[in-house]
Amino acid sequence: MAQCCINPSILSADFVNLEAELQRISNADAVHVDVMDNHFVPNLTIGLPVVKRIQDVSPVPLDAHLMIADADRWAPGFADAGVASVTFHAEASIAPIKLARELRTRGAKAGMALRPGTPVEPYLDMLGELDLLLIMTVEPGFGGQSFLDLTLPKIRRARAAIDGSGGRVALQVDGGITEETITRAAEAGADVFVAGSAVYGAADPAEAIDRLRAAAKR
């Protein structure tokens, strides 16, 4: 495995003590920030002002996952805020290539996410426009869901396409990642793993990150 990144999701963190919760995952590769608008998904979390404050206190870079409608309008603002990586949903973008290029122009890595039921094939030609492709392994909107094994063939197809393109696109998975499921996702070709309850549900989140990283590399 060329790389193995663990990006804990703060969706499972204690929002009342968020700065302290961020310090508990200082050995992570990035912090996954789930932005939900109660339109694209049936949940409401945080918006750009809170993301900016998280950016100020986080010990690791921010990996923003925008589960929001009208991504073409709103996503560039997160890049302007200095977020390291901004991922929008293909299903929420009218012009995904244009948006990916704009995110890169504004200094962020460009990521694109696909719901479990969205096929990857229509988007393979735009891999060169992306720094990250996120295959959702649960339906987006809520944490604590079980990993959907039916997404594994799609992860394999995405990995084959990325390798065949010769590009350097990270292949991220998000949803139901545990020490057990991370091995299946890694075997299928994923190299960036979002884990929420598996990290923040542990007595020692930093130790949980180390265990997940070791499991993926195995």
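This section describes the fold of a single predicted chain, from its overall dimensions to its sheet, selected residues and cysteines. The model is predicted, so local features are reported only at pLDDT of at least 70 and side-chain atom pairs only at pLDDT 80 or more, while totals for chains, interfaces and linings use all residues. Residues are numbered from 1 along each chain as its sequence is written, and side-chain values use heavy atoms, with hydrogens and water left out.

The secondary structure of the chain consists of eight helices and eight strands. Helices (H or I, at least four residues) and strands (E, at least two) are DSSP runs, numbered from the N terminus. The C-alpha trace spans about 45 × 40 × 30 Å along its principal axes. The radius of gyration, taken over C-alpha atoms, is compared with a globule rule of 2.2 Å times the number of residues to the power 0.38. For 218 residues, a compact globule would have a value near 17 Å, and the 16 Å of the chain agrees with this.

Of the 218 residues, 54% are buried. Here buried means under 20% relative accessible area, exposed means over 50%, and partly exposed lies in between (1.4 Å probe, protein chains only). The chain exposes about 9,300 Å², of which carbon and sulfur atoms supply 52%. These areas come from the Shrake-Rupley method with a 1.4 Å probe; for residues, only the protein chains shown count as cover. Among contacts (heavy atoms within 4.5 Å) with a separation of 6 or more, 62% join residues 24 or more positions apart.

The eight strands of an open sheet are arranged in the order β1-β8-β7-β6-β5-β4-β3-β2, with parallel pairing. Two strands are said to pair if DSSP finds at least two bridges between them. The edges are formed by β1 (5-8) and β2 (31-36); each has a single partner strand, so one side of each is left without a neighbour in the sheet. Neighbouring strands are turned by 25 degrees against each other on average, direction ignored. Axes are lines fitted to C-alpha atoms, for helices over the stretch in contact, and angles run from 0 to 180 degrees between N-to-C directions. Helix α5 (residues 152-165) packs on the sheet and touches β5, β6 (132-136) and β7 (170-174). The direction of α5 makes about 165 degrees with that of β7.

With β3, the pairing of β4 runs over four bridges, and D63 has S85 in β4 as its bridge partner. Strand β4 is mostly covered, as five of its five residues are buried. S85, T87 and H89 point one way from the strand, whereas V86 and F88 point the other way.

S93, in the loop between β4 and α4 (96-105), is buried at 12% relative accessibility. Leaving aside residues up to four places away in sequence, S93 touches D72, F88 and L99. P96 belongs to helix α4 and is buried at 15% relative accessibility. With the same exclusion of residues up to four places away, P96 touches F88, M112 and M126. P96 and A216 are 120 residues apart in sequence, and their C-alpha atoms are 30 Å apart in space.

Backbone angles were also examined. Most residues other than glycine have a negative phi. N38, however, has a positive phi, near 65 degrees. N38 lies in the loop between β2 and α2 (48-57) and is partly exposed, at 46% relative accessibility. D70 also has a positive phi, near 55 degrees. D70 is placed in the loop between β3 (62-67) and α3 (71-80), and its relative accessible area of 39% makes it partly exposed.

A disulfide is defined as a pair of cysteine sulfur atoms within 2.5 Å. By this rule the count is zero. The sulfur of C4 has its closest cysteine sulfur in C5, at 6.9 Å, which is too far for a bond. C5 is likewise in no disulfide. Both cysteines are buried, C4 at 9% relative accessibility and C5 with a relative accessible area of 18%.
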